[in-house]
Structures are given as C-alpha cells and as structure tokens.
Amino acid sequence: MTDVLDPADPDTPAADEAAGTWSRSHTHRFLALGGSRAFAQLLAMAWFVAAARILTDAQYGVVATGMAFFAVFAGVGDVGTTRTLVRHVAAEPRMVWTTYRAAVGVRVAGGLAIGLGTAGVVAIAPVPIDASVVVLAALMATASGVTELGYAALRSI
C-alpha cells in the first residue's frame with residue numbers, strides 16, 4: 001500500500017494545508033484590495049485639497065468642470081459596450097480579441113460622437129465653458145473606456 005495524500009480527503013494534512021493556504025490567500029488579497037482602494041481614495045482627496053489650495057477659484061472651476069464632463073462622458077460614452085463584451089466573451093472565450101476590437105470601435109465612435117457633439121454645443125452656446133475643456137474630457141473618457149474594455153475582457157476569460 002502506498003502512502004498517498006489525497007487533498008480531497010478531509011483527514012489528510014494536505015487538505016488542511018490547502019484549505020489554510022486558500023483562506024489566507026483569499027483574506028490577504030481581499031485586505032490588499034481594500035487597502036489599495038482606501039489608499040487611492042486618500043490620494044484623490046489629498047489631490048483635491050492641494051488643487052483647491054494651489055489653484056485660483058477660476059482654475060479650480062475649470063478642473064472641476066472638466067472632471068464633471070469626464071464623468072458624464074465615461075458613463076454615457078460606454079454605450080453598453082462593457083456589459084456586452086463581458087457577455088459575449090464569457091459565452092465564447094475564443095472570441096476575446098474579435099469581440100474586444102469590435103467593442104473598442106463602438107466605444108471610440110460613441111465616446112467621440114457624444115464628447116465632440118457636446119463640445120460643439122458648448123462652443124456655440126452662450127455658456128462660460130471653454131470647448132477645449134470638453135474636448136479634453138471627451139478624449140480622456142474615451143481612452144479610459146478603452147482600458148476598461150481591456151479589463152472587462154480579461155475578467156471575462
């Protein structure tokens with residue numbers, strides 16, 4: 001009779017070690033992710049406080065306006081591509097690159113159409129917003145959306 005440790009057998013040391021490693025690994029990853037998220041939020045708050053202290057009221061207003069447009073463009077410019085990509089890739093993982101390229105095309109077209117269309121409206125409307133701020137927010141939101149699609153594709157497989 002050979003001495004084989006079966007990890008599926010709850011009475012073997014290998015099973016205890018595997019369960020303990022998984023539990024520690026899972027807890028460690030969760031705490032690291034939570035800590036990283038908290039640290040990122042603290043950095044963002046510190047950046048806003050520093051920017052408010054360093055910039056003039058008008059400059060800070062321009063930054064805040066650009067960030068507000070970025071947030072809107074990031075949400076609306078998605079045009080459903082992230083969820084669609086996840087569903088298609090999860091159903092057929094071999095199609096990840098084809099689906100990703102198609103989603104990027106739609107995301108870029110949608111993001112730029114919404115962003116540049118809004119910039120055009122802002123340029124001709126009697127509002128005290130520089131259209132270049134809106135264009136920059138649209139470009140940043142579109143680039144951010146493309147990277148989000150990449151993360152979504154990786155999570156799907």
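**A look inside**

Mentor: Let us begin with Arg107, whose side chain comes to 3.3 Å from the backbone oxygen of Ala74; please keep in mind that this is a predicted model.

Trainee: Where is Arg107 placed?

Mentor: Arg107 sits in helix H4.

Trainee: And is Arg107 buried or exposed?

Mentor: Arg107 counts as buried because its relative accessible area is 3%, and the cut-off for buried is under 20%. Leaving out neighbours within four places in sequence, Arg107 is in contact with several residues, including Gly77, Asp78, Thr81, Ala141 and Val146.

Trainee: Changing topic, which residues make up the largest nonpolar core?

Mentor: That core has ten residues, namely Leu85, Val89, Val96, Tyr100, Ala103, Val104, Val146, Leu149, Ala152 and Ala153. Two or more of its residues come from each of helix H3 (81-91), helix H4 (96-124) and H5.

Trainee: What does Leu85 touch?

Mentor: Not counting residues up to four places away in sequence, Leu85 touches Thr99, Tyr100, Ala103, Leu149, Ala152, Ala153 and Ser156. There is also a second, separate core of eight residues, among them Ala119, Val134, Ala137 and Ala138.

Trainee: Now the outside: which residues form a nonpolar patch on the surface?

Mentor: Tyr151, Leu154 and Ile157 form that patch, and together they have about 370 Å² of accessible area. Ile157 lies in the segment after helix H5 (131-156).

Trainee: Why does Ile157 count as exposed?

Mentor: Ile157 counts as exposed because its relative accessibility is 57%, and the cut-off for exposed is over 50%.

Notes. Residues are numbered from 1 along each chain as its sequence is written. This is a predicted model: local features need pLDDT of at least 70, side-chain atom pairs count only at pLDDT 80 or more; totals for chains, interfaces and linings use all residues. Side-chain values use heavy atoms; hydrogens and water are left out. Patches are made of residues with over 30% relative accessible area and no salt bridge: like charges are joined within 9 Å, nonpolar side chains (Val, Leu, Ile, Met, Phe, Trp, Tyr) within 5 Å. Accessible areas come from the Shrake-Rupley method with a 1.4 Å probe; for residues, only the protein chains shown count as cover. A salt bridge is a side-chain nitrogen of Lys or Arg within 4 Å of a carboxyl oxygen of Asp or Glu. Helices (H or I, at least four residues) and strands (E, at least two) are DSSP runs, numbered from the N terminus. Buried means under 20% relative accessible area, exposed over 50%, partly exposed in between (1.4 Å probe, protein chains only). A nonpolar core is a set of buried Ala, Val, Leu, Ile, Met, Phe, Trp, Tyr and Cys residues joined through side-chain atoms within 4.5 Å. Contact means heavy atoms within 4.5 Å. A polar contact is a pair of N or O atoms within 3.5 Å; within protein, one must be able to donate a hydrogen and the other to accept it, and residues adjacent in sequence count only if both atoms are side-chain atoms.
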